[in-house]
Every structure is written in structure tokens, then in C-alpha cells.
Amino acid sequence: MPSVNEKPLVFEGHRNLRKRLVLATLAGKTVKIVKIRSNHIDPGLKDYEVSFLRLLEAVTNGTQIEISYTGTSVIYKPGIIIGGEVTHQCPNTKPIGYFLEPLVYLAPFSKKKFSIILRGLTASDRTSDAGIEAIKWGMLPLMEKFGVRECAVHILKRGSPPLGGGEVHFFCNSLITSPLTFHALESTKISAIRGVAYCTRVSPSTANRIIDSARKVLRPTNVEVNITADVWRGDNSGKSPGFGVTLVAESKKGWRIFSEGVGSSGTLPEDLGERVAYELLEELSKSCVVGRNQLPLCLAFMALGKEDVGRLKIHKEQVDENLIWFLRDLKDIFGVEAFIRDMGVEAVDSSDVNHMMLSMKGVGFTSAAKKAV
Amino acid sequence: LKGSVKKRWNINKLMYLPNIEPSDVIKRWKGLYNDEDIEHEEEDEDDEFFKKKELKNSEEDLDHFIPFYNSLDDLKAKFSNVFEGNGEKGESSDFLSKFMTTPNVSKKNDNS
């Protein structure tokens with residue numbers, strides 16, 4: 001809990017809004033976010049951002065949120081992460097993944113076990129937010145590397161855009177005090193590519209068409225490609241027709257790199273399958289141990305770790321603007337700095353020319369809920 | 001100075017400097033940032049002042065999850081080289097052996 005006279009950390013704009021709020025919640029620090037879309041025609045917080053703030057309020061105890069009259073600034077005083085059983089209706093402007101992704105950061109450090117039902121769109125073609133499979137197959141296995149094991153996501157109903165009607169259950173039974181120190185120094189070699197092509201309220205052949213086109217692209221990789229069709233019918237298939245695909249490249253050591261896509265109106269299933277398959281290959285070529293979309297979670301948990309240096313091998317392409325923004329946020333909130341250097345003597349082979357080593361000392365974080373006990 | 005050797009920046013020093021935007025940090029680190037860019041930026045700012053401001057459609061992208069990819073055609077071109085083994089050295093021909101547990105298909109064909 002933040003102290004009464006604590007000076008808030010000030011951030012500008014809506015960049016990384018969710019991550020800043022989540023990190024502030026973990027650190028128990030008050031943040032003030034100003035100039036939120038202040039130059040836009042429609043200024044201030046969007047409906048989904050307000051909804052996310054309400055969700056944070058629901059999974060914590062004692063959180064205070066002050067939103068300015070215009071919505072362009074917000075003061076967030078986090079409480080204790082309490083978890084428990086919560087049901088949240090997400091607006092149809094953002095998919096459930098937008099709300100679920102940040103909860104994954106909070107769940108292991110909660111006082112009670114997380115059991116949250118989120119209702120809304122299970123995927124969206126208009127935004128670049130996480131799909132449910134991406135979280136299930138990409139984020140949760142990464143959390144296992146930090147010692148968070150009993151975490152799962154179940155899709156109870158699928159809800160395609162625009163009307164949604166989906167329902168997702170997220171639970172986390174693994175409550176830890178702090179994440180394990182992370183050492184990921186090996187280059188990932190992919191042994192299999194798996195995936196799921198799903199469709200709701202359209203012909204079941206749509207899923208097969210996606211699978212065929214994706215498989216055609218991935219065949220030359222010479223690894224096992226296994227994509228399953230997931231056809232939803234009846235009441236559990238939501239209110240709108242839709243389709244999508246998630247592909248996951250797996251290594252024998254349990255690292256997973258993924259890509260996903262959702263069909264929008266006018267998209268051919270073949271085009272979607274082909275595009276997502278090529279994006280998976282592109283992601284592989286620009287990743288090392290973890291993908292670009294897994295990097296923030298990995299870094300956040302490294303920062304939260306015990307007072308020991310964690311190491312992560314990254315690809316040079318992963319050092320981008322988003323990474324710098326996130327590292328700056330970590331420094332502002334936790335006071336922790338990352339150190340990036342070339343592989344040097346630790347280089348195993350010639351491919352390590354493109355790789356770098358990111359080291360970060362954990363802050364010795366203890367969950368606020370555990371402190372209070 | 002024209003013709004002078006470009007300075008190699010240390011990413012660790014750059015990335016936490018509050019007066020440098022993260023996009024510029026990357027440019028400097030990759031050696032894509034010249035002193036001339038600063039002059040151009042100033043000119044661009046003047047030009048933009050008199051232009052009608054366009055609304056950003058991608059405003060939500062500041063809090064995105066899925067990375068941005070090149071167009072499908074670009075990706076196709078890149079990976080057609082990879083699988084045929086005729087791409088640029090160090091990038092394409094070694095792709096399969098680098099990332100997949102199975103041996104490179106093209107090498108296998110050569111041996112046979």
C-alpha cells in the first residue's frame with residue numbers, strides 16, 4: 001500500500017498504460033498518468049481503459065482511482081492484490097486478451113487464488129491484442145520457468161467480433177512470494193509446430209482451409225506440423241461469425257514462440273493461414289529464447305526476482321523502441337536497470353553474432369499480500 | 001564531419017537517457033542517426049506546423065501485444081529465399097539449421 005504522503009510517479013500519454021498500472025500495482029506505488037490523448041479529437045481514456053481500471057479495482061483491495069473531468073489524467077493508488085472470484089464484462093471495443101494479459105502479471109502474487117471469468121470478444125481483427133490461445137500457449141508456459149505452475153485459461157464460449165458473446169475462465173492456483181531467478185542462455189531450436197484454427201458460426205471447412213494453407217508454408221521447415229481444427233457451434237459459439245488461427249513453435253526445452261491472426265470481413269481463410277505461418281517464421285528469425293510479445297512478461301518477472309542476476313539471451317532485432325520504453329518503465333517503478341551486451345566468450349556458435357545478453361538484478365520483491373500476512 | 005567514422009554508441013548508456021526518445025536510441029545504436037537528421041527534423045517540424053494534423057488511426061498501437069510485421073509479399077520473398085537456400089549469406093541459407101532441429105533441406109538435397 002502506498003504511504004499517504006508518497007509523491008506519485010508521473011507518466012505521460014497512454015503508451016504502455018496497462019503495463020504501467022500493473023507494475024505500479026506490484027510495486028505498490030502511486031502513479032499519475034497525464035496527457036492521455038490530450039491532442040486527439042476524442043481526448044482522454046477510452047472505454048476499455050476505464051473498464052481495465054475497474055478490473056484492477058476488482059482484483060485488488062483498497063485501490064483508489066481518480067480520473068480527471070476530461071479523462072486526460074488519472075491518479076492510481078494501488079491496493080493489495082487480493083484476487084478471488086471475479087466476473088468482468090469486457091467492452092466489445094477490445095478483446096478479452098487485452099484484459100487478461102495484464103492479469104497474468106498479477107495473479108501469482110495475489111493473496112487469494114485467482115479465478116476470473118471474462119466475458120466479451122475472444123479475438124479481434126481490429127486490434128493487435130493478445131488472443132486467448134496466445135496467452136494459453138505462449139505466456140503461461142513462460143510463467144512456469146519462473147515457478148508459476150498451476151495457471152490455466154479455459155475458453156467456455158468463443159465470441160467473434162463484432163458482437164462477441166465469448167467467455168473465458170482464468171485461474172491461478174500457484175501463489176508465490178517472488179519469481180525464480182531466470183537464466184535462459186541457450187538458443188532455441190524448434191522441434192515441432194503446433195496450432196489451432198478455430199471458427200464460429202461459419203462452415204467447418206474454413207478451419208481446414210486455414211490449416212492447409214499454413215501447413216503448405218511450414219512444410220519446408222521439416223519439423224512436425226500439427227494444427228488442429230476447433231469448430232464451435234450452437235450457444236457456445238457466440239453471436240457473430242468469425243475465424244482465426246494461432247501457431248506455436250515449440251522447442252524440446254519448453255520454449256514457445258507464437259504468432260496469431262484473426263480473419264476480418266473479406267479475408268480468405270487461405271490468406272490468413274499463409275500470413276500467420278509466415279509471421280511465425282519471421283518471429284522465429286527475430287527471436288532467440290522468447291518472442292517479442294513474451295519479452296515484457298519475462299523482463300517484469302526478472303525484475304521481480306530475488307536479489308540475484310538473471311540472464312536472458314535475446315536477438316538484436318528484439319532491442320527495439322518498445323523494449324526501451326518498457327525498460328524505462330521498469331526503472332522508474334522498480335529502480336532496476338538492465339544491462340545489454342554482446343555475447344562475447346559466451347557465444348556458442350556463429351549464429352550468436354546476432355544475439356545479445358540481457359542481465360538484470362532482481363529487486364528482491366515480496367508480494368504485498370504475503371507481507372501483510 | 002563528412003567522411004568521419006560513425007560513433008558507436010553504447011546501448012546501456014543510451015537507453016536510460018531521459019532526453020533521448022527510445023526511437024532515437026535505436027537509430028543511434030544502429031548507426032542510422034546522423035547530425036543531418038537533427039537539421040531535417042527541425043525543418044520537418046516547421047513544415048508540419050502549417051499542415052493540417054492528421055488523426056492517427058494506430059493510436060491504440062502504443063499499447064499493443066502483437067508485433068508489427070512486414071507485408072505478406074515481403075515475408076514471402078524473404079522466406080522463398082530461405083527455403084530455396086539462395087538468400088543472402090548469414091541470413092537465409094542457414095535459417096533451417098539455426099532454428100529447426102532437423103537438417104537443412106537444401107544441404108540434404110545437395111548430398112543426395
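Buried residues are those under 20% relative accessible area, exposed ones are over 50%, and those in between are partly exposed, with a 1.4 Å probe and protein chains only. The model described here is predicted, so that local features need pLDDT of at least 70 and side-chain atom pairs count only at pLDDT 80 or more, while totals for chains, interfaces and linings use all residues. Residues are numbered from 1 along each chain as its sequence is written, chains are lettered from A and ligands numbered from 1 in the order in which they are written, and side-chain values use heavy atoms, leaving out hydrogens and water.

Most residues other than glycine have a negative phi, and most peptide bonds are trans. A:Asn16 is not a glycine, yet has a positive phi of about 50°. This residue sits in the loop between strand 1 (9-12) and helix 1 of chain A, helices (H or I, at least four residues) and strands (E, at least two) being DSSP runs numbered from the N terminus. A:Asn16 is buried, with a relative accessible area of 7%. A:Lys35 also has a positive phi, near 55°, and belongs to the loop between strand 2 (31-34) and helix 2 of chain A. With 48% relative accessibility, A:Lys35 is partly exposed. A cis peptide bond, with omega about 10°, links A:Pro161 to A:Pro162. The loop that holds A:Pro162 runs between strand 9 (151-157) and strand 10 (166-172) of chain A.

Next come the helices that pack against helix 1 of chain A. Helix 1 (residues 17-27) and helix 2 (residues 47-59) of chain A meet at an angle of about 15°, with their axes 11 Å apart; axes are lines fitted to C-alpha atoms, for helices over the stretch in contact, and angles run from 0 to 180 degrees between N-to-C directions. Helix 1 of chain A is therefore roughly parallel to helix 2 of chain A, a label for angles under 35 degrees, with over 145 counted as roughly antiparallel, 65 to 115 as roughly perpendicular and the rest as oblique. On the helix 1 side of chain A, A:Leu17, A:Arg18, A:Leu21 and A:Val22 meet A:Glu49, A:Phe52, A:Leu53 and A:Leu56 of helix 2 of chain A, contact meaning heavy atoms within 4.5 Å.

Helix 3 (residues 96-106) of chain A is mostly covered, with 11 of its 11 residues buried. Helix 1 of chain A packs with helix 3 of chain A at an angle of about 25°, their axes being 10 Å apart, and the two are therefore roughly parallel to each other.

What does the largest nonpolar core contain? It has 99 residues, and those with the most contacts inside it include A:Phe114, A:Phe170 and A:Leu330. Such a core is a set of buried Ala, Val, Leu, Ile, Met, Phe, Trp, Tyr and Cys residues joined through side-chain atoms within 4.5 Å. Not counting residues up to four places away in sequence, A:Leu330 touches A:Leu23, A:Leu299, A:Ala300, A:Ala303, A:Gly335, A:Val336 and A:Met360. A second, separate core of 33 residues includes A:Ile211, A:Ala214, A:Val245 and B:Val82.

Chain B, finally, has 6 helices and 0 strands. Of the 112 residues in chain B, 29% are buried.
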